[in-house]
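Hi there,

Here is the structure I promised to pass on.

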Amino acid sequence: MPERKLYSFYKGIFSGDVLNFSKRSPFVREIMLERINPTRIILPMKMHYGVPAIPAVKAGDAVKVGQCVGIPAKGSFSVPVHSGISGRVSQIQEIRLPNGIITPAVIIENDMKRTRLDSLVPRSNLKLSATETLSIIRNAGICGMGGEGIPTAAKLSRARSKVVSDFLVNCLQSEPYSTCDLTAIVEYPDYCVRGACACARSVGAKRVRFLVSSGRKSCITALENSITKAGKDFNDLTIEIKLFRERFPQGYYRLVARALYGKEIRADETLEDTCDAVIFNCSTMLACWEALADNIPMMNRIVSVSGDSSGGHNVLVPVGTPLSEILANVISSNDSDNRIVWGNCLTGIEITNPDMTPVIKITSVISIIRRNEVPRTPCIHCGLCSECCPMNLSPDIIYEMLAQDLKQKASEEGARDCISCGSCSYVCPAGIDLTSAIAGFAGEGRVIEVNSLLHNNTEFNVPAGCSSVGEVSLLENYGDGDDSSGAEDPGRLNLPFEGGKTV
Ligand code: SF4
Ligand code: SF4
């Protein structure tokens, strides 16, 4: 049983059922997980934090389920891209994602045959070294699914070089309309637990801690059962559940550090250095175990489709599925006038072209929101935005400074600490979009140094017997590389931000 103590940060948003729009609990299995097989997918080469992959196929090529269609250049901070359907490449074209990223995309027409690569079979030997574990995860194209999309193998490498003792698994999904992480836990608890344990072992951690909101009984039960089952295979690890209060934005690493360890982390500090811990999203751990145990690259994901008038849905779709194909399956025609938001309703981006807007690796939710026009007025100095800001900022003051182009003063006021949670805009009775201004400023100028530990320094090789990399999933040659290269020189590390920002 998890201990009774409840952890939390202060402030943020806690408003009873107001944020509890989607069907969070109890889960109704019939509507929990609907599988959608789209007629085509649009696979952007950049779905992660880093540089785009390079298309490994061309128009007219046949593609199988699991096949690598995008490959990272050596030395780049990037991950490969895989197809979740079989069919034929219709074209490769540049697209613009709602977050402003312009990237090449491989468009594949589905032949509906679901022809899989022969290599997508469960791995017979699961006694993997740390190097093999990281290599498989890197070749599977896995990046953080909780929002920021940092390549998972790179983050594991960094944790390994720091020799952390705590491996934290973020099961604290608190965004309105979002239940995809909770779905992953309830539907695939063994994968989440075993993925976390395997990753924890690969970085040398001693303790795995699942962070769960106390109200999510079904998740807690599922995790408890799976932890019991996994215990004998991972008896070198202490595995426990830590309960948190329901509060938004619970789960951001600096707030977790405050709640769990009682420590403040500055923007230029890391969880590894300050708390001897590293944190990963639970859906990312599920993807890791799929790669490690089943040899399946990151080509599908669970997405919540929900809103204040649309009920709750969680769909399992190939990465790249256009939003229009999902909406056609789950939303009634009465909802056609609503706003479609790529992401959650607090920080997501409204889109107008669902035909050309794909689900990417970090898309956790599609929100359908009624088109209520918020009356906008000047600031009435109510102070609500400061009361809710989890980073203890004064959003109204910072907003004014930025409006007057006083960037230095805004920095001194702490603007760069903004985690773009959206809480201030949500509570503002004047309808001022504080988040866009402050978060946009906070995100400026964050770069990843060349030669950082988070770069991939491994060549992706074509295995013997294959004429091109486009014929394989890349998981066939997992033993080739070691992501720990450069680990002796942590001074070269430049940490990208870890939460809340758009990629
Ligand atoms: S978006 Fe930024 S300024 Fe607004 S409440 Fe969240 S952390 Fe504070
Ligand atoms: S919540 Fe809006 S109206 Fe109230 S102080 Fe902040 S900016 Fe001004």
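Below is what I found, starting with how to read the model.

This is a predicted model, where local features need pLDDT of at least 70, side-chain atom pairs count only at pLDDT 80 or more, and totals for chains, interfaces and linings use all residues. Residues are numbered from 1 along each chain as its sequence is written, while chains are lettered from A and ligands numbered from 1 in the order in which they are written.

The protein has 15 helices and 18 strands (DSSP runs, H or I of at least four residues for helices and E of at least two for strands, numbered from the N terminus). Of its 503 residues, 56% are buried, meaning that 20 or more other C-beta atoms, placed from the backbone, lie within 10 Å of a residue's own.

Around ligand 1 there are 17 residues, the closest being Cys389, Cys418, Cys421, Ser423 and Cys424 (C-beta atom, placed from the backbone, within 6 Å). Helix 14 (423-427) and helix 15 (434-443) are the elements that give two or more residues to this shell, and helix 15 supplies the largest share, four residues.

Helix 5 (residues 189-203) packs on helix 6 (residues 217-230) at about 55 degrees, with axes 9 Å apart (lines fitted to C-alpha atoms over the stretch in contact, angles running from 0 to 180 degrees between N-to-C directions). That makes the pair oblique, the class left over after under 35 (roughly parallel), over 145 (roughly antiparallel) and 65 to 115 degrees (roughly perpendicular).

Happy browsing!

Definitions and conventions. Buried ≥ 20, exposed ≤ 12 C-beta atoms within 10 Å, placed from the backbone.
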